[in-house]
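Please look at the sequence and the fold first.

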Amino acid sequence: MTGPYVAAIDQGTTSSRCIVFDRAGAVVAVDRREHRQIFPQPGWVEHDAAEIWAKVRSVVAGALAAAGLRADELSALGITNQRETTVLWDRSTGKPVHNALVWQDTRTAALCDELGGTDGQDRFRQATGLPLASYFSGPKVAWLLEHVPGLRRRAENGEIAFGTVDSWLIWNLTGGPDGGVHVTDVTNAGRTLLMNLATLQWDPALLAAMDIPEAVLPEIRSSAEVYGRAVGPLAGVPVASALGDQQAAVFGQTCYGVGEAKNTYGTGSFLLLNTGGTAVPSKNGLLTTVGYRLGGEAPVYCLEGSIAVTGSLVQWFRDQLGLIRSAEEIEPLAASVPDNGGAYVVPAFSGLYAPYWRSDARGVITGLTGYVTKAHLARAVLEATSWQTREVVDAMFQDSGVRITSLKVDGGMTANALLMQHQSDVLGVPVIRPVVSETTCLGAAYAAGLATGVWRDTDELRAQWRQDVEWTPRMGAAAREGEYGNWRKAVERSFGWLEPRARG
């Protein structure tokens, strides 16, 4: 390993990691800790932000120890994070005023319906690039201000700070109540329904619509600049990047050119297509989002297809149905049959995200006959990820006119060769996995290193990208389109299961 070294914190939905990279972009050391998932009611998902901060401190210390490095040997620290998850905390004590509301939390669905009024989901789309949905942070802030006693008054008085997880970590890393820097970057701010996509600033009309006081908001900054220097065990280390996890993966996969795309397979899956300096509006259920902004340079935009349930469907198959004992068992089980036996699983556990945005949808299994075994269901579980990705790719072409010629992939599910082959089959293009699969952390490290001079420019970063495995299509076009038609029929069966609910 060769210095200089850059560390990246990846604060995710189920765990926190810290990875130390060397100048060649190689992994030097990793540490990881899980945190609790809190489910107070059906559809409600929370995290303890104080627990997350404690786990982050632990993984940073663990990664440095594993690397045999002192903090003063780090050139920079970058941050990438689960997006949309919402934290409110007391500025004077540093304590959260409520558990964080996680991106998966659906308690604001009725509030979003109310906010939409006669315009529905598209009320704020022109300003934000986003549909009005419970996924995003702004309605979560509004819910907390309404339901936590006394919170609105304290927020209006400037006593309360709001942030997505990046803001929470940067504030704590740089001093917390004692001078902590309250900032966010454009990629995270752009997921709140409160930032104007053209000005890249908080929009007064959006704040007024959701009745959110400006006093709680962090300052919006670029994705790669020195926000401040860490205190405590990391004293003096520049905190120099923040990127939402999917944008960080775009950056780590070096998708710097227009038309380059990546898909990250985790709890859900997130496919982003670089559209360059143009924010392409979507008419087909995608999100228009900021991909990244480097210092004072112009922002780079992306189209994004967000899929709520992919990796978590395998966990459901394991934990709720008990049909496998470990996630790794699903691949050989699915490979023991040649096809899905006519069965399709649509995992609309908390509605469908892109390209439908149907909060009334719920999961279905269709096409069952007496022939279907658990092996066929295992295959259908994996194929659900491929087909959902195909729908997003089609929507991207309809919006942008750009037809992808290959797809870079990362995330835990890329270890499943059967899934990756099926993904290539249903898209009809090569699917490519890089040597360094930790692309989310790598992207945060790259951005921090650019901000501090470790790397010169994105050309140098692109030169470091290396291919590991490539899967190419084997399925014929007729079979592909026939199975796709069956999938679309299965999706239609998932609509309309949830009745409208009163605001809670």
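How many residues lie between E2 and E3 in their hairpin? There are 5, and Gly25 in the turn has a positive phi of about 80°. Helices (H or I, at least four residues) and strands (E, at least two) are DSSP runs, numbered from the N terminus.

This is a predicted model, in which local features need pLDDT of at least 70, side-chain atom pairs count only at pLDDT 80 or more, and totals for chains, interfaces and linings use all residues. Residues are numbered from 1 along each chain as its sequence is written, and side-chain values use heavy atoms, leaving out hydrogens and water.

**The sheet**

The sheet is open and has 6 strands, in the order E3-E2-E1-E5-E14-E13, with mixed pairing. E3 and E13 (224-229) stand at the edges with a single partner strand each, so one side of each is left without a neighbour in the sheet. On average, neighbouring strands of this sheet are turned by 25° against each other, direction ignored. Two strands pair if DSSP finds at least two bridges between them.

| Strand pair | Sense | Bridges |
|---|---|---|
| E1 (residues 5-11) and E2 | antiparallel | 6 bridges |
| E2 and E3 (residues 27-34) | antiparallel | 7 bridges |
| E5 (residues 74-81) and E14 (residues 238-244) | parallel | 5 bridges |

A hairpin of 3 residues joins E1 to E2. Val6 has Phe21 of E2 as its bridge partner. Ile19 stands opposite Val30 in E3. Ile79 stands opposite Ala242 in E14.

Strand E2 (residues 15-21) is mostly covered, with 7 of its 7 residues buried (under 20% relative accessible area, 1.4 Å probe, protein chains only). Ser15, Arg17, Ile19 and Phe21 point one way, while Ser16, Cys18 and Val20 point the other way. In a regular strand the side chains alternate between the two faces of the sheet.

**The helices**

H1 lies across E1, E2, E3 and E5, at about 150° to E3. H9 (residues 245-252) lies across E5 and E14, at about 105° to E14. Axes are lines fitted to C-alpha atoms, for helices over the stretch in contact (heavy atoms within 4.5 Å), and angles run from 0 to 180 degrees between N-to-C directions.

At 1.5 Å a residue, the 19 residues of H1 (residues 49-67) should span 27 Å, and the end C-alpha atoms are 27 Å apart, which agrees. The expected span is 1.5 Å times one less than the number of residues. Buried residues of H1 include Ile52, Trp53, Val56, Val59, Val60 and Ala63. Asp48 caps the N-terminal end, with a side-chain oxygen 3.0 Å from the backbone nitrogen of Ala50. Gly68 follows H1, with a positive phi near 70°.

Technical notes: Buried < 20%, exposed > 50% of the residue type's maximum accessible area, 1.4 Å probe, protein only. Polar contact = N/O pair within 3.5 Å; in protein donor to acceptor, adjacent residues only side chain to side chain.
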